[in-house]
Amino acid sequence: MLLRLLEEDLAARAAAGLKRQRRVVETPAGVRLRVDGREVLAFGSNDYLGLANHPKIAAALQQGVGTWGVGAGASHLLTGHYAVHEELEQALAQWVGLPRALAFSTGYLANLGVIPALVGRNDAVFGDRLNHASLHDGALLARAEFERYAHNDVADLARRLEACPARRKLVATDAVFSMDGDLAPLRELLAVAEAHDAWLLVDDAHGFGVLGEGRGALAHFGLASPRLIYMGTLGKAAGVCGAFVAGTDTVIETLLQSARSYVFTTASPPALARAACASLEVMRDEPQRHRALASRIAQLKEGLAGTRWSLLPSDTPIQPLLVGDNESVLALSAALWEQGFWVPAIRPPTVPKGTARLRISLSAEHGAADVAALTSALRRL
Ligand SMILES: *Cc1c(COP(=O)(O)O)cnc(C)c1O
């Protein structure tokens with residue numbers, strides 16, 4: 001009986017065009033890959049700067065293993081907090097311009113930890129409707145009242161904050177929306193949060209390494225406030241793995257003491273912290289990667305202007321091509337695949353119903369010829 005229920009769910013999922021399939025990548029991260037036995041040009045990764053297989057960062061990881069071995073052996077609060085973790089936290093805080101940072105194993109875990117550490121029952125969380133799933137899950141885990149405001153709608157948020165009697169309030173937003181590529185109006189959100197005595201948690205998974213010459217969304221907008229809590233991830237543009245939360249000393253100390261996804265998990269391997277430190281150095285030393293990325297973004301937008309394909313408005317490496325229904329987006333993705341392009345189709349529940357899309361993502365590793373090849377393939381389809 002239980003098994004049959006699962007089988008029915010899986011069949012329904014497939015019938016709705018929602019079955020997910022993994023492809024097997026047979027070569028290291030990059031834009032030219034062999035995938036399921038086929039050579040493809042890939043436009044789907046979050047490795048925006050092309051650092052996931054950067055020789056200096058790979059060498060740092062190897063050197064880190066040489067120095068520190070493999071496992072951390074325990075959580076940070078027991079015996080798993082190594083000097084290189086400490087070094088990484090200091091480098092990260094300095095890089096994003098905040099007083100202190102705390103390293104988490106992943107961004108998902110960071111969001112699950114931060115929200116319940118700051119608010120609980122009788123408090124309230126306000127999240128943008130298009131926020132990443134991990135922010136939603138963190139809000140649910142906090143058992144606070146949870147309201148979703150209309151996407152990037154500062155007035156809607158202000159009305160909800162105004163009407164809310166809770167003692168502690170937290171506003172959570174993606175800085176760069178992961179499936180849309182647009183930016184949150186962080187300056188305005190911060191002003192509203194300050195006016196209503198609320199925290200503003202900024203999830204910069206797609207802005208860290210990309211915006212503000214790599215220093216992220218706060219640097220991009222020039223924002224500073226003791227109410228800001230910044231979450232950046234190290235597995236996307238930074239090309240490694242892991243995440244961190246940065247903010248005032250008081251906030252970070254609170255997380256260290258009480259964020260359950262920090263306290264009750266084994267520290268990530270110290271060698272990864274070594275690699276993440278190297279990634280920050282590469283971001284600082286190779287600013288040409290940011291320039292290359294910016295020109296590829298401009299080139300894609302120009303290349304598709306005036307065609308039947310409409311990109312959502314975005315100035316980030318996330319350039320979604322809106323299709324609508326699930327079957328059509330799968331067909332388009334499959335047609336591109338046939339021509340040697342790997343561009344993932346994104347469907348509900350990752351995006352709202354009826355807004356299935358191709359999520360074209362660009363990397364500093366893409367050459368002008370790569371982007372030109374994709375735009376002419378799309379023009380022909
Ligand atoms: C990817 C992502 C996360 C999760 O980060 P991981 O380190 O991959 O767990 C959180 N928030 C947003 C907006 C993301 O895109």
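Reader: Is strand 10 enclosed by the rest of the structure or left open, and why?

Author: In this predicted model, five of the seven residues of strand 10, which spans residues 318-324, are buried, so the strand is largely enclosed by the rest of the structure.

Reader: Which strand is joined to strand 10, and by how many bridges?

Author: Strand 13, residues 356-361, is joined to strand 10 by six bridges, and the two run antiparallel. Within this pairing, leucine 322 has arginine 357 of strand 13 as its bridge partner.

Reader: Turning to the open sheet, what is the order of its strands?

Author: The order is 1-2-11, with three strands and mixed pairing. Strand 1 (32-35) and strand 11 (341-342) stand at the edges with a single partner strand each, so one side of each has no neighbour in the sheet.

Reader: How many bridges pair strand 1 with strand 2?

Author: Four bridges pair them, in the antiparallel sense, and strand 2 covers residues 38-42. As for individual partners, arginine 34 is bridged to glutamate 39 in strand 2.

Reader: A change of topic: how many aromatic pairs does a search of the whole structure find?

Author: The search finds five aromatic pairs. For tryptophan 337 and tryptophan 342, the ring centres are 6.2 Å apart and the planes stand at 75 degrees; the angle is over 60 degrees, so this pair is edge-to-face.

Reader: Is tryptophan 337 buried or exposed?

Author: Tryptophan 337 counts as buried, because its relative accessibility is 9% and the cut-off for burial is under 20%. Tryptophan 342 has a relative accessible area of 21% and is therefore partly exposed.

Reader: What lies over the face of tryptophan 337?

Author: Arginine 23 does, at 3.7 Å from the ring centre. Another such arrangement involves tryptophan 95, where the charged end of arginine 215 sits over the ring, 4.0 Å from its centre.

Reader: Which residues do ring pairs link into a cluster?

Author: The cluster consists of Phe208, Tyr230 and Phe244.

Reader: Finally, what is the volume of the largest pocket?

Author: The volume of the largest pocket is about 880 Å³. Among the 25 lining residues, Gln21, Pro344, Ala345, Ile346 and Arg347 are the closest to the pocket centre. Helix 14 (326-338) and strand 12 (345-346) are the elements that give two or more residues to this lining, and helix 14 gives the most, with five.

Reader: How many charged residues does the lining of the largest pocket have?

Author: The lining of the largest pocket has seven charged residues, together with ten nonpolar and eight polar ones.

Key: Residues are numbered from 1 along each chain as its sequence is written. This is a predicted model: local features need pLDDT of at least 70, side-chain atom pairs count only at pLDDT 80 or more; totals for chains, interfaces and linings use all residues. Side-chain values use heavy atoms; hydrogens and water are left out. Rings of Phe, Tyr and Trp (its six-membered ring) pair if their centres lie within 6.5 Å; planes under 30 degrees apart count as stacked, over 60 as edge-to-face and the rest as tilted. Buried means under 20% relative accessible area, exposed over 50%, partly exposed in between (1.4 Å probe, protein chains only). A charge sits over a ring if NZ of Lys or CZ of Arg is within 6 Å of the ring centre and within 35 degrees of the ring normal. Two strands pair if DSSP finds at least two bridges between them. On a 1 Å grid over the protein atoms alone, a cavity is a set of points where a 1.4 Å probe fits but cannot get out, and a pocket is an open set with protein on both sides within 12 Å along at least five of seven lines; lining residues have an atom within 4 Å of a point. Grid points are joined across faces, edges and corners, and a volume is the space filled by probe spheres set on the points. Ala, Val, Leu, Ile, Met, Phe, Trp, Tyr, Cys and Pro count as nonpolar, Asp, Glu, Lys and Arg as charged, and the others, Gly among them, as polar.
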